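Good morning, and thank you for joining this group meeting.

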Amino acid sequence: MSGFRRGVRLGIDVGRARVGVARCDPDGLLATPVETVTRDDGSVARVVALADEHDAVEILVGLPLNMRGEDTPSTTDAREFAAAVAEASAVPVRLVDERLSTVSAHAALRNSGRSQRSSRSIVDQVAAVVLLQQALDVEKSTGRPPGTPVSQEPA
């Protein structure tokens, strides 16, 4: 665990209708679901409030690249959401590759016996858990922060 920066982090899975939020413990051992935020004019403020509430040292926003590593309309949306969070918060924001996190979340929920319909309200939180846990694992194995920082300068 050398090089791991201690502190609570939030993982954010940005969707068109909902934003999944997860957090980890200060030692980065376990990512857990926090909340599903409705995507509206108040969603950035709610993510910032959750970061403050949990004393987060960093906010990790999932970047949904396609399988070739290229941007999609969802990638652009996630970048814009991350930039808005960075502008509204003093907490550093990073974009992390989250390919297949939602697919993994759906599979985990299916394997636990939940239908897609009954999982709709929590799948975004589970996707946030998956992307956050992957980011923690990357930092622990490499000693470097995952992803890329988002500028906190106003656009």
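**Salt bridges and the sheet**

Let me start with Glu35, which is partly exposed, with a relative accessible area of 22%. Please keep in mind that we are looking at a predicted model. The side chain of Glu35 meets that of Arg46 in a salt bridge, with 2.7 Å from N to O. Glu35 belongs to strand β3 and Arg46 to helix α1, and the two are 11 residues apart. Arg46 is partly exposed as well, at 30% relative accessible area.

Where does strand β3 stand in its sheet? The sheet is open and has 6 strands in the order β3-β2-β1-β4-β5-β6, with mixed pairing. Strands β3 and β6 are at the edges with a single partner strand each, so one side of each has no neighbour in the sheet. The partner β2 runs antiparallel to β3, and 7 bridges join them. Helix α1, residues 43-53, lies across β1, β2, β3 and β4, at about 150 degrees to β3.

How many salt bridges does the structure hold? There are 11. One of them joins Arg5 and Glu139 at 2.7 Å, N to O. Arg5 lies in the segment before β1 and Glu139 in helix α5, so this pair ties together parts 134 residues apart in sequence. Is Glu139 buried or exposed? With a relative accessible area of 1%, Glu139 is buried, whereas Arg5 is partly exposed at 31%.

Finally, Asp124 forms a salt bridge with Arg18, their closest N and O atoms being 2.6 Å apart. This pair links helix α5 to strand β2, across 106 residues.

Note on methods:
Residues are numbered from 1 along each chain as its sequence is written. This is a predicted model: local features need pLDDT of at least 70, side-chain atom pairs count only at pLDDT 80 or more; totals for chains, interfaces and linings use all residues. Side-chain values use heavy atoms; hydrogens and water are left out. Two strands pair if DSSP finds at least two bridges between them. Helices (H or I, at least four residues) and strands (E, at least two) are DSSP runs, numbered from the N terminus. Contact means heavy atoms within 4.5 Å. Axes are lines fitted to C-alpha atoms, for helices over the stretch in contact, and angles run from 0 to 180 degrees between N-to-C directions. A salt bridge is a side-chain nitrogen of Lys or Arg within 4 Å of a carboxyl oxygen of Asp or Glu. Buried means under 20% relative accessible area, exposed over 50%, partly exposed in between (1.4 Å probe, protein chains only).
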